[in-house]
Amino acid sequence: MSAWETVIGLEIHAQLATRSKIFSGAATAYGAAPNTQACLVDLGYPGVLPVLNAEAVRMAVRFGLAIGARIARQSVFARKNYFYPDLPKGYQISQYELPIVAAGSIDIVLEDGSVKRIGVTRAHLEEDAGKSLHEGLGALTGIDLNRAGTPLIEIVSEPEMRSAKEAVAYMKKVHTLVRYLEICDGNMQEGSFRCDANVSVRPLGSDQFGTRAEIKNINSFRYVEKAIQYEVARQIELIESGGKVIQETRLYDPDRGETRSMRSKEEANDYRYFPDPDLLPLELDEADIEAIRAGLPELPDAKASRFVSQYGLSAYDAGVLTASRDLADYYEAVVHAVPQQPKLAANWVMGDLAAVLNKEGLEIGSGRLPAERLAGLLVRIADQTLSGKLAKEVFESMWSSGQSADAVIEAKGLKQITDTSAIEQAIEAVMAKNPAQLAEYRGGKDKLFGFFVGQVMKATQGKANPAQLNDLLKKKLSG
Amino acid sequence: MALTREQVENIAHLARLELEAAEIPQFQQNLSRIVDFIGELERADTAGVAPMAHPLPGLTQRLRPDAVTERDEHELYQRNAPQVASGLYLVPKVIE
Amino acid sequence: MIHRQTLSQLAAALRARKVSSVELVRTYLARIEASQPALNAFVSITAEHALAAAEAADRALAAGRGGPLEGVPIGHKDLFCTAGVRTTCGSRMLENFVSPYDATVVTRLRAAGAVMLGKLNMDEFAMGSSNETSHFGPVRNPWNTALVPGGSSGGSAAAVAARLLPAATATDTGGSIRQPAAFCGITGIKPTYGRVSRYGMIAFASSLDQGGVLAASAEDAAWLLREMAGFDPRDSTSVDAPVPDYPAGLDAPLAGMKIGLLKEFFDTGLDPQYERCVREALAVFERLGATLCEVSLPNISLSVPVYYVVAPAECSSNLARYDGVRFGHRCADARDLQDLYKRSRSEGFGAEVKRRIMTGTYVLSAGYYDAYYLKAQRARRLISAEFARAFGEVDLLMGPTTPTVAFALGAKTADPITMYLNDIYTIGANLAGLPAMSIPCGFAAGLPAGLQIIGPHFAEQRLLQAAHRYQLETDWHVRLPEQYA
């Protein structure tokens, strides 16, 4: 048992999904050619001024309301002053003393199924910086300012996570939430959602914080886990071997699986924050906030509880199905078509469908198998057209061919035989072929019933409806 | 209050200004004078007075509709740039 | 004598087709060229542009079209961005900077028909009170070229005083319109903060900067201001309020107007001859039906130290964008990124700009922010509240614009504080965002003295009216330096 306790706080940066930038009318689309989406304001040209994007404000408030935070009636933009080539003005417009979102909280589910509440200290609006490119430029660095001025919400947690796994659970929960709220596309590869992790260790039972290291710009859940694990081990080893953790900024190198000190950030920064005189205090009144609240979607925790009560799902299943709004919507669209079968629907969505999506690296929202089509299959299971075994075969065909369940059933002739006379005919044919067994059965050897079932199924290639077959066979055999 | 040479050098570094050795005493003297002068503020009785960041009372931030109003003009904008290639602004290598 | 006509007279003559814009532009261009060696009022003279614009104005006028200032020559202080014409801000940093866009003020005046003849010299980044900090050399005072014209809008003031232009744009952060207006014997107005868009006006100190006018008379200032002022969605601090028809309100009588004399402005350091001019001007207002009383602003003496915290703080941040990467001066052969930053900035900025950047960096830095920056912002509120209280009792405040008349080049460059104290009477209006004017009110030792008029927020109309009524009674504003008469 380790004698050390890990203390983690996360600062998550989520790019807000606005069309234009936070302080300019330039586009925010990802992947444009360098500097083609950097306008005069983004470039910090002499004489230009910022004007705040209404949608960025609305999105930040949505987030605040979703985590039960207090929304500041007045918040203030401040300048964070430092020199860096990807920071065109020599300062970043951010919020410092008066952020738009004050204390809130987010619940995460731990591995043992228990719920832990993580405090969110604050969330504030700010502008993103540009990007430095080092490849193929020799002794030079290229600066692309397309990203400069993209709105961000920085979500700062309390240092309340105690393991890398908790940190990942928290980050995933925030990720789920921002996508539910439709305020961030959550694309981590493109950097739309990334985090800095403040990591420290302390002797178990201590109430003092250890010296922390800040690991910058981690853009995957896996890297967050690996980076924290590495950093925790590094700090413990350092302390146990008589060394001291220094407060510094570190970078996670996924290729080497380690964190290293960032040379460029070595010197102590003095950001000289002060209120940005180009922007006025942002005021929100009760009516503004209530209007935004009224537009909030059902949030993941509420949706999961509803799935438990409305559909009789387990808490675990409800949690899985509400992990994304697309998945939950998909599930509910399926249930809508087969209202009597919510569990069957859950099993298929979480089972066969999830497996094949995962295998092919597709998202639920990819449209490859629309909910109505999966529902079409479940209808045929429910009305006994398909047995469970046949259903899997049909599902595979539906996935590969893009056809509806009925079309596959029709084409493959997989439909159950439910026509009484057809089943009767098949029974009679079997009886005629097996006079000896018939005599034995009628003589009292009940066990032979199974033999007849098998023979009829064989004759109908397994398509006879089992219940009907049972009834009819009993009648016929008894004469 | 006299600023030390080290203080002046530190401020110059924060402001990314390079002062020649010969200039430093001059800046040291000027800045010390200025710091003394603004130090007069100490005598102002500002207890309970809120800081004033904007000259007009009661104005609040106006919001802009979220619309893309700018086009790609990077060639025009980069005419003022000392060094560009392939649309990128170039600087000496940044080491992270 | 075209150049002796006022801007409003010229606009009328153009409209009546008694004179063409091309003639006007040629006349003024000739005066500008002739003056440059002595005054150095211009950084750039845009003769070709101007003649083309004048021809277009003449065509518009011939067709009975055109704006209220159609064909009228003006100049812009060289910190208003002008697309295609370099905008230097008086700095080596922007020596070759060509803005890709126009400042809102430039756009508006062009839309009103005004024709730009050039860009006017100024203190570097508007930091200075004597126009000696310009990278393009000092501007000289047309009344006596051994003297400074004041600053930072020294080029604009000298050009109007010598009638190289009927009027010019200018900006005022701590007195940069009013002090040169006083030194050069012309009329200047700094409107209420937020009245004129700051978009495209290269920032010095964002919470204090305000664009305005230097002109030959209050009437001319009213004409120009009407076109410059107004809401701009590109400037978050621009005020969305209708712009009155300033020229239309000029003739209203002053009877019953309450004028407060700023007690502290007469207390210390005011030159006695200058004081006599100001007192005589106040007597004129009394004759016009106004009543005078003394008003005290006990904390006004804090305004200079407050200013020299707030303005440098804002400027240290505003000028961080000049880093040699996207525009502006870049040093040769940078060893690395830090070397690029430091040498580009050190080579690009002059000594006064560096001093202010360093002062601002210091007052915002860890450990000093509360003692200086926050303290200054609190004191700023005290000063602002005293003005507000005063305007509960009087309609306008009056006093001298400067403690002395224009001083000699080099007289105050040795000690920054001596220079800063020249703005002791003007800074208060910037801190409180109030509209303020300076108008010529006589001569002290043969040099122009200025009467300062300060009003409550958005009282430009009242300021202009008072100034205009005074100018109907006096002729100080029509006197010209001999050489430019």
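Tutor: A salt bridge, in the sense used here, is a side-chain nitrogen of Lys or Arg within 4 Å of a carboxyl oxygen of Asp or Glu. The model under discussion is a predicted one. With that definition in hand, one pair can be examined at once: the side chains of Asp415(C) and Arg33(B) form a salt bridge, with N to O at 2.4 Å. Because the definition asks for a nitrogen within 4 Å of a carboxyl oxygen, this pair qualifies at 2.4 Å. Across the interface of chain B and chain C, the rule finds one salt bridge.

The surroundings of that pair may be described next. Chain B contributes 54 residues to the contact with chain C, and chain C contributes 75 residues. Together, chain B and chain C bury about 5300 Å², and carbon and sulfur atoms give 67% of this area. Polar contacts are also present between chain B and chain C, in 21 residue pairs whose members are both at pLDDT 80 or more. On the side of chain B that touches chain C, at least two residues are supplied by each of α1 (5–14), α2 (24–38), α3 (74–77) and β3 of chain B. The element that gives the most to this side is α2(B), with eight residues. Sorted by class, the side of chain B that touches chain C holds 35 nonpolar, nine polar and 10 charged residues.

Chain B also meets chain A. In that contact, 54 residues come from chain A and 35 residues from chain B. The area buried between chain A and chain B is about 3900 Å², with 59% of it on carbon and sulfur atoms. Here the rule finds zero salt bridges, while the count of residue pairs in polar contact, both at pLDDT 80 or more, is 23. On the side of chain A that touches chain B, the elements giving two or more residues are β2 (52–53), α1 (54–66), β9 (140–144) and β16 (282–283) of chain A. The largest share of this side comes from β9(A), with five residues. By class, the side of chain A that touches chain B comprises 31 nonpolar, 12 polar and 11 charged residues.

The domain assignment of chain C gives domain 1 (2–252) and domain 2 (301–377). Their centres, taken over C-alpha atoms, are separated by 28 Å. Domain 1 of chain C gives 19 residues to their contact, and domain 2 of chain C gives 20 residues. The area buried between these two domains is about 1600 Å², of which 64% comes from carbon and sulfur atoms. The count of salt bridges between them is zero, and nine residue pairs, both members at pLDDT 80 or more, are in polar contact. On the side of domain 1 of chain C that touches domain 2 of chain C, there are 10 nonpolar, seven polar and two charged residues.

Chain A, for its part, is assigned domain 1 (4–291), domain 2 (298–412) and domain 3 (420–477). The C-alpha centres of domain 1 and domain 3 of chain A lie 70 Å apart. Chain A also has an open sheet of three strands, in the order β5-β4-β15, with antiparallel pairing. Since β5 (91–95) and β15 (274–275) of chain A stand at the edges with a single partner strand each, one side of each has no neighbour in the sheet. Strand β4 (residues 77–81) of chain A is joined to β5(A) by five bridges, and Arg79(A) has Ile93(A) as its bridge partner in β5(A).

Two details of the backbone complete the account. Most residues other than glycine have a negative phi, and most peptide bonds are trans. Asn35(A), which is not a glycine, has a positive phi of about 65°, and its place is in the loop between β1 (4–15) and β2 of chain A. The peptide bond from Gly151(C) to Ser152(C) is cis, with omega near 10°; Ser152(C) lies in the loop between β3 (115–120) and α5 (154–161) of chain C.

Definitions and conventions. Residues are numbered from 1 along each chain as its sequence is written. Chains are lettered from A and ligands numbered from 1 in the order in which they are written. Side-chain values use heavy atoms; hydrogens and water are left out. Contact means heavy atoms within 4.5 Å. Buried area is the accessible area (1.4 Å probe) that two parts lose on being put together, summed over both. A polar contact is a pair of N or O atoms within 3.5 Å; within protein, one must be able to donate a hydrogen and the other to accept it, and residues adjacent in sequence count only if both atoms are side-chain atoms. Helices (H or I, at least four residues) and strands (E, at least two) are DSSP runs, numbered from the N terminus. Ala, Val, Leu, Ile, Met, Phe, Trp, Tyr, Cys and Pro count as nonpolar, Asp, Glu, Lys and Arg as charged, and the others, Gly among them, as polar. Domain bounds come from an automatic or database domain assignment. Two strands pair if DSSP finds at least two bridges between them.
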